[in-house]
Amino acid sequence: MSKIDEVAALVEKGKAKLVGAAVQAALDEGADPVTILNEGMIKTMGIVGDKFKNGEIFVPEMLVAARAMKKGVEVLKPHLASGSTGALGKVIIATVAGDLHDIGKNLVAMMIESAGFEVIDLGVDVSAAKVLEAYKENPDTKIIALSALLTTTMPALKDTVAAINESEFRDKVKVMVGGAPITQEFADEIGADGYSDDAASAASLAKKLVAA
Ligand code: B1M
């Protein structure tokens, strides 16, 4: 079994205490950090999700897999992201109301920070009101980035973007959205300024939005 396969197996089984060492071993063997992330972790979460959908596993198993992935990402982080300067300005990021998924949002935050932004992470299950409040506390924010992982929280994403679109500061801030069920079409429909489908392209999009 390759070291990356070992990482994948440990994430899938939710072995949080062992994943960090396996990621380190893969790195020591010269494995590419992005490949470890994509093949050892993100792909595995897809498998975990499929097993959940098929009734082979349940929420607790998804939860421990998520915890294990987070441990692995901690070890990977210095290899994926360079230190931030914050020079490109502030980004407020959140997972929308009713949604507890934060791994994708955290990866996006990490890549955006590494691209040179200062990230204000509001966490998960964040209401539109909290997003507006955070902007008012940080009126120099350049981008509001919103994540949604459930088809059932797509309406919350829509409502949050609508609240920003109706705010008095709309012309001062860009809004970007993403998450597994979100598409460019949906982003356009709800009036966001940008959509990206993964963390690396989210960082490029953020840079493009502030340059625009
Ligand atoms: Co949940 N869950 N979950 N879950 N969970 C999914 C999303 C699901 C697809 C699994 C499945 O059925 N196949 C399914 C959603 C189905 C749907 O909506 N159509 C689902 C469900 C149903 C649920 C519950 C409803 C289950 C239940 O209780 N019956 C429940 C809902 C809870 C809630 O939120 N209110 C639930 C709960 C959970 C846990 C809490 C147990 C756990 C989350 C723990 C955590 O995040 N801390 C969990 C997990 C782990 C998953 C899966 C297995 C993995 C998610 C993940 O972290 N993926 C997931 C299956 C799957 O994804 N295939 C699933 C890895 C991550 C890197 O990918 O988040 O997609 P992702 O992020 C990507 C891109 O989407 C993008 O970039 C990221 C990096 O490349 N991206 C952005 C994300 N945000 C972005 C923002 C951007 C740009 C790009 O700009 C702002």
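How many strands form the open sheet, and in what order? There are 5, lined up as β2-β1-β3-β4-β5 with parallel pairing.

## Ground rules

This is a predicted model, where local features need pLDDT of at least 70 and side-chain atom pairs count only at pLDDT 80 or more, while totals for chains, interfaces and linings use all residues. Residues are numbered from 1 along each chain as its sequence is written, and side-chain values use heavy atoms, leaving out hydrogens and water.

Helices (H or I, at least four residues) and strands (E, at least two) are DSSP runs, numbered from the N terminus.

## The sheet

Strands pair if DSSP finds at least two bridges between them. β2 (118-121) and β5 (194-195) sit at the edges with a single partner strand each, so one side of each has no neighbour in the sheet. Parallel strands β1 and β2 are joined by 4 bridges, and K90 stands opposite E118 in β2.

As for helices, α6 (residues 128-137) packs on the sheet and touches β1 and β3 (contact means heavy atoms within 4.5 Å). Its direction makes about 160 degrees with that of β3; axes are lines fitted to C-alpha atoms, for helices over the stretch in contact, with angles from 0 to 180 degrees between N-to-C directions.

## The cobalt site

H101 is the only protein donor of the ligand's cobalt atom, through NE2 at 2.2 Å. Donors here are N, O and S atoms within 2.8 Å of the metal (3.2 Å for Na, K and Ca); water is not among the atoms, so sites may look incomplete. H101 belongs to the loop between β1 (90-95) and α5 (103-114).
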